[in-house]
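Colleague: I have a new model open. May I ask you some questions about it?
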Amino acid sequence: MLSSPVIAKLEATQLRDKLPEFRVGDTVRVHYKIIEGEKERVQVFQGVVLKRHRAGVRSSFTVRKVSFNVGVERVFLLHSPRIEKIEVVSRGVVRKARLFYLRDLAGKAARVRDAKDG
Amino acid sequence: MRTRDRACCAQKSHIKERIRNIVVNKFPGILGKKIGMTQIFDEKGEVLRCTVVQGGCVVVGKRTQEKDGYSALIVGLGERKEKHTNKAVAGAFKKANQTPKRVVRELRGTAEWVAKFEVGQALPLGDIFSEGQFVDAQGTSRGRGFTGVVRRWSFAGGVQTHGTHEYRRHGGSIGTNMTPGRTLPGLKMPGHYGAETVTAHNLKVSKILADEHLLLIEGAVPGPRNGIVLIRGAVKKNGGVKK
């Protein structure tokens with residue numbers, strides 16, 4: 001769908017800058033602000049990026065981690081002001097754009113090869 | 001001949017009387033163009049799904065209590081091409097010292113509200129609406145042409161199997177035999193669907209960009225992109241402004 005120039009201009013104001021470059025397969029730490037009533041705290045979610053949806057302001061990414069033997073996936077909006085920062089922990093080598101196959105794997109098989117190890 | 005003239009006049013005054021007394025939304029509003037939908041993040045970091053409406057309608061005339069029996073602003077939106085402007089229309093705009101506008105609509109309002117604006121002035125979004133206010137959006141829905149009952153009235157249609165023959169998207173029976181012996185008025189049947197005036201009530205104004213004449217309204221507004229929409233204070237919320 002062709003977006004109108006008015007909307008394109010409006011959406012440009014909603015974009016965040018200073019976002020790190022990261023790709024599918026990378027391990028990231030997402031510092032996410034959580035508001036509980038009056039208080040605000042930061043929660044860190046670390047895991048492998050399964051998917052990146054590149055769509056302007058609507059861009060999102062999915063992070064998967066295994067917590068106490070239970071797979072947990074979270075979808076973050078890339079430009080959300082709730083994200084304090086995104087840290088890239090390590091770069092991964094993958095051959096797919098979507099790593100949904102990781103859901104069916106467990107333990108050692110569910111690892112992503114690190115770019116450092118070649 | 002004379003009697004007919006008089007009858008005609010009587011009818012006209014009758015219509016005028018009706019226009020004067022008609023109950024309409026008289027809360028401040030604008031005529032705008034639907035640009036499309038987008039999302040914005042609010043101060044809490046939550047996503048609001050918004051319709052962008054472009055205002056910028058210009059006052060091209062007024063209706064006053066003394067002269068017309070009711071008060072309203074006549075507003076115009078968009079420029080009308082010269083080839084689409086006949087002399088009568090051109091003359092009317094020339095009288096108001098304005099360039100011909102594509103869409104012209106009357107906005108009924110209170111006498112005080114109408115008196116606030118001058119002819120030739122663009123309606124300022126910032127003065128008319130406030131962020132967080134509730135509004136009603138009126139537009140013409142997309143025309144769908146002649147439509148069957150499944151699409152038009154969300155009928156379930158018939159079963160797809162068990163030997164169904166040419167009866168998959170039909171509406172079924174339209175009445176009984178002897179009593180009443182006719183099909184009841186208002187029965188849901190296929191027909192023309194869409195292209196009607198639809199009002200979406202109690203939508204929230206999430207953002208106003210007065211300089212660019214843009215209004216961001218939470219939720220969907222009837223009609224296609226580039227459709228003309230009428231945005232007014234919410235009738236069901238007494239204008240939609242918090243006291």
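Colleague: Which pattern does chain A follow, read along the sequence?
Modeller: Chain A follows α-β-β-β-β-β-β-β, with 1 helix and 7 strands. Helices (H or I, at least four residues) and strands (E, at least two) are DSSP runs, numbered from the N terminus. This is a predicted model, in which local features need pLDDT of at least 70, side-chain atom pairs count only at pLDDT 80 or more, and totals for chains, interfaces and linings use all residues. Residues are numbered from 1 along each chain as its sequence is written, chains are lettered from A and ligands numbered from 1 in the order in which they are written, and side-chain values use heavy atoms, with hydrogens and water left out.

Colleague: What percentage of chain A counts as buried?
Modeller: Of its 118 residues, 33% are buried, meaning under 20% relative accessible area with a 1.4 Å probe, protein chains only (exposed is over 50%, partly exposed in between).

Colleague: Turning to chain B, what is the strand order of the open sheet of 3 strands?
Modeller: The order is 3-4-5, with antiparallel pairing. The edge strands, each pairing on one side only, are strand 3 (58-63) and strand 5 (101-108) of chain B. Two strands pair if DSSP finds at least two bridges between them.

Colleague: How many bridges join strand 3 and strand 4 of chain B?
Modeller: These antiparallel strands pair over 5 bridges, strand 4 of chain B being residues 72-79. V58(B) is opposite G76(B) of strand 4.
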